[in-house]
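Reader: I am new to this structure and would like to go through it step by step. Could you show it to me?

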Amino acid sequence: MHKFFSPNSVAVVGDFTQPSGVDAKVVEQLLTHGYRGKLYPVTTKQEQIFGLDSVAKLSDLPHRIDLFIIPTDQDVVSLARRVVKAGATRVLLAGPELPALQQQKVSALLLKAGIKALGPT
């Protein structure tokens, strides 16, 4: 559980097109509350998020990431597939509760890959 609550590195995967989106709010809150680890916004939509250089592809991340955060207000199944392919070991689903079918798909995908997950409720 330590890597969930005190990760050395976090990648927030999203499109970051809405300032009020879960992806942007997660990054903002991590910065506001003094997160001291490596923080990587992953998006092709913007070059910087809150002053942090964004990473266009998960394969461009410089090292193994302790925690991937997936916003539930976006295409969660697609984002989950991407983090599985990137070799994630821990995923936090952040945001509103998912519809049951979508939750089942994401849970099955992460479970099959052996990924520990928390959220969204």
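Author: The answers below go from the overall fold to one helix and its side chains.

Author: This is a predicted model, in which local features need pLDDT of at least 70 and side-chain atom pairs count only at pLDDT 80 or more, while totals for chains, interfaces and linings use all residues. Residues are numbered from 1 along each chain as its sequence is written, and side-chain values use heavy atoms, with hydrogens and water left out.

Reader: How many helices and strands does the protein chain have?

Author: There are four helices and seven strands; helices (H or I, at least four residues) and strands (E, at least two) are DSSP runs, numbered from the N terminus. Their order along the sequence is α-β-α-β-β-β-β-α-β-α-β.

Reader: What share of the residues is buried?

Author: Of the 121 residues, 43% count as buried. Buried means under 20% relative accessible area, exposed over 50%, and partly exposed in between (1.4 Å probe, protein chains only).

Reader: Turning to helix α2, which of its residues are buried?

Author: In α2, residues 22–32, the buried ones are Val22, Asp23, Ala24, Val26, Val27 and Leu30. They pack against several strands, including β1 (9–13), β2 (38–42) and β5 (67–71); contact here means heavy atoms within 4.5 Å.

Reader: What comes just after α2?

Author: Gly34 is found there, with a positive phi of about 80°.

Reader: Which side chains meet in a salt bridge?

Author: Those of Glu28 and Lys25 do, at 3.5 Å from N to O. A salt bridge is a side-chain nitrogen of Lys or Arg within 4 Å of a carboxyl oxygen of Asp or Glu, and by this rule the count comes to one.

Reader: Where do Glu28 and Lys25 sit relative to each other in helix α2?

Author: They are three residues apart in α2, so about one helical turn separates them.

Reader: One last topic: where is Arg81 found?

Author: Arg81 belongs to helix α3, residues 76–85. Arg81 counts as exposed because its relative accessibility is 51%.
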